[in-house]
Amino acid sequence: NATFDQDRSSSHLAKLIILHDYPLHVVQQPAFTAFTESLQPRFRVADVETMEAEVYGVYQKEKNNLMQALNTMPGRISLTIGLWTTSQTLGYVSIAGQFIDTDWKVHRRMLNFMMVSSPHSENALGEAISSSLTDWNMKDKLFTVTLDNDCSSHDIYSANLRDHLSNKNNLMLKGQLFVVRCYANILNAVAHDVIASIHGVIYSIRESIKFIKASSAREQKFAEIALQLEIPSTKTLCLDVTTQWNTTYLMLLAALDYRQAFTTLETCDDNYNESPSGRSPDASHPRL
Ligand SMILES: *[C@@H]1O[C@H](CO)[C@@H](O)[C@H](O)[C@H]1NC(C)=O
């Protein structure tokens, strides 16, 4: 029996537009007005300008809440910087902040997303970060800065940034850990190298799993072999998404448990000859 409240509904509409990237003029599209009309004829659909003000109001409110959280956080804040150049060669810098609040909860928030004339110039980045620090009143609370772009530019930025900020900031550990490489990027690079070096094995495992999953008769046969061999695994064979190395890892992890079963299947099914262990030893195709 909720009562209708124009303001509350407008605020929900603003959040809908923000969260799903809807264009502001959605409020004037006939199908949209027909939809709201059918739900609640008393709802006055705003014009684009009013909607824009409403969206901005939500932003201001969130910004104030975040400002409050930053003012009361007991520790420091770590920033993650992203660089982006659009197809029209417009440059943007995004600045996200990570911090721990008084309840030991980790927060990750987007603080700024700003256009810069040339994001790959040395000064642009330092200035963007500096203005963000002023904006959010966190000049004395900076812990580290993580750059998530490629490493070659990284070195230029790190030296430049440290100089730029050390005069104004009370850096921890004399700035030693101030600018760090992105751990996820490094892990990603390592995983790609490893995957490239064992691509032969990964190929046979992927083909093996495809072969087994091609029919339920084969799946059943494989399950029987695993049972006979008393393989204790509870894992299920799964195919990977070749562009996501973490899924390749999960595929290998499951396949590893069943390695004997693949070999046995090869001896009793003439159509199957992709067993990873059955391959001849070969430097470019190391065995698992
Ligand atoms: C793999 O990583 C991607 C990107 O980080 C993530 O979205 C996805 O959920 C992960 N998949 C699995 C199976 O963990």
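1. The largest pocket in this predicted model has a volume of about 260 Å³; a pocket here is an open set of points on a 1 Å grid over the protein atoms alone, where a 1.4 Å probe fits, with protein on both sides within 12 Å along at least five of seven lines, and lining residues have an atom within 4 Å of a point. The elements that give two or more residues to its lining are H1 and H2, and H1 gives the most, with 5 residues. Among the lining residues are Phe-4, Arg-8, His-12, Phe-32, Phe-35 and Phe-43.

2. The second largest pocket, with a volume of about 210 Å³, lies between domain 1 (6-69) and domain 2 (73-181), because both give residues to its lining; the domain bounds come from an automatic or database assignment. Strand E3 (106-116) and helix H3 (48-72) each give two or more residues, and E3 gives the most, with 5. Tyr-59, Glu-62, Arg-109 and Trp-136 are among the lining residues.

3. Asp-21, in the loop between helix H1 (6-19) and helix H2 (30-39), has a positive phi of about 60 degrees although it is not a glycine. Asp-21 is exposed, with a relative accessible area of 69%, where exposed means over 50% (1.4 Å probe, protein chains only).

4. Asn-137, in the loop between helix H4 (122-135) and strand E4 (142-147), likewise has a positive phi, near 55 degrees, and counts as exposed at 51% relative accessibility.

5. On the basis of the model, residues are numbered from 1 along each chain as its sequence is written, and side-chain values use heavy atoms, with hydrogens and water left out. Local features need pLDDT of at least 70 and side-chain atom pairs count only at pLDDT 80 or more, whereas totals for chains, interfaces and linings use all residues.

Methods
Helix = DSSP H or I, 4+ residues; strand = E, 2+ residues; numbered from the N terminus. Buried < 20%, exposed > 50% of the residue type's maximum accessible area, 1.4 Å probe, protein only. Points joined across faces, edges and corners; volume = space filled by probe spheres on them.
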